[in-house]
Amino acid sequence: MAPRANWKGFLRLSLVTCRVALYPATSDTEKVSFNQINRKTGHRIKYLKVDAETGDEVTSEDIVKGYKVDTDTYIEVTKDELDEIALDSTHTIEIDEFVPKADIDNRYLIRPYYLVPDGKVGHDAFAVIRETIRSMDKVAIGRVVLTNREHIIALEPLESGLMGTLLRYPYEVRSEKEYFDDIQDVKLTKDMLDLAKHIVEKKSGAFEPELFEDHYEAALIDLINKKRSGAPIAAKAAPKTGGNVINLMDALKKSLASEKDAAPIAKVVKETVKGKKPKKRVEGQREMLLPIAGKGGKEAAAKTAPKEASKKADKPVRAPARAKKAG
């Protein structure tokens, strides 16, 4: 199922306007997630909204927003008052300026979105805006309102569409001076830096995110599959520590030697992975989880348990995940 747009409206560059839709470029819904349950009954935990002083449950119609000004003092703000200050630009991304991409500090980046034409008309206007940004080799800076908050958005061409990245405001970015002032100013020898550079060269390569592996996610899937199929779960051995680094120069030399030994193996593994036909992406966070036994209950599960237990964690098929509602 195609994701729902987080926002729909207009993209405007001066007098050039087109209808567009904004889609999230990333998703966390495919990761394994847990519910909290009652150990005694196996039922899910339900949370109630209660008065902090009386302990009585409070209904939704009696809950309002409040800004804390003191320990027990709040300024109440109603929905009508919030609606009064709502911004007029809720349905238009207005491009205000163009800046070099290199000028945008990475600390200001929040999350990416995909911007596409909405509907069958307006594709020509969208293309004009996209190609204008591309030809200038700059990033377009605009404003968009999401969930009643105005955000700065940076737009840049991405193939036939646009990628929009939400940016933080200056007051949201902390100064590095608060953290870096106590770092000691040490002098490093040329030999140390040369050895470190050799290590970096051995580890250098192209950015290939398809080779990244989420080891914790894989371990979670393996754990759930084993518990579901009744396979035994072995205790994990304590990790070995390398001890404290006594001599930095010795540590660099040992690191370089270990990298030389590991490089041929890593190259073979990488080439093997790259040579494999990529798996078709399955939308859903549990594509590798074993299916739940249907009617037939414990008897059916018991018959299939030994066979399923022997499967590797990357073999089972996940159940399709529910589409995430727009936020």
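**Entry 1: the whole chain**

I began with contacts (heavy atoms within 4.5 Å): residues 24 or more positions apart account for 69% of the contacts in the protein with a separation of 6 or more. I note that this is a predicted model, where local features need pLDDT of at least 70, side-chain atom pairs count only at pLDDT 80 or more, and totals for chains, interfaces and linings use all residues. Residues are numbered from 1 along each chain as its sequence is written, and side-chain values use heavy atoms, with hydrogens and water left out.

Next I looked up the secondary structure, and the protein has seven helices and nine strands. Both are DSSP runs numbered from the N terminus, helices being H or I of at least four residues and strands E of at least two. Of the 327 residues, 21% count as buried. Here buried means under 20% relative accessible area, exposed over 50%, and partly exposed in between, with a 1.4 Å probe and protein chains only.

**Entry 2: the barrel**

In what order do the seven strands close into a barrel? I read S1-S2-S6-S9-S8-S7-S5, with mixed pairing; two strands pair if DSSP finds at least two bridges between them. Neighbouring strands of this sheet are turned by 40° against each other on average, direction ignored. The axes are lines fitted to C-alpha atoms, for helices over the stretch in contact, and angles run from 0 to 180 degrees between N-to-C directions.

I picked out S8 (residues 149-158) and S9 (residues 161-167), which run antiparallel and are joined by seven bridges. Ile152 has Leu167 in S9 as its bridge partner.

I also followed helix H2 (residues 123-136), which lies across S1, S2, S5, S6, S7, S8 and S9 and runs at about 80° to S2.

**Entry 3: Leu166**

Is Leu166 buried or exposed? Leu166, in strand S9, is buried, at 0% relative accessibility. Leaving aside neighbours within four places in sequence, I found Leu166 in contact with residues including Tyr108, Leu109, Tyr113, Val144 and Ile152. Leu109 is 57 residues from Leu166 in sequence, yet their C-alpha atoms are 6.3 Å apart.

**Entry 4: two positive phi values**

Asp137 has a positive phi near 55°. I placed Asp137 in the loop between H2 and S7, exposed at 66% relative accessibility.
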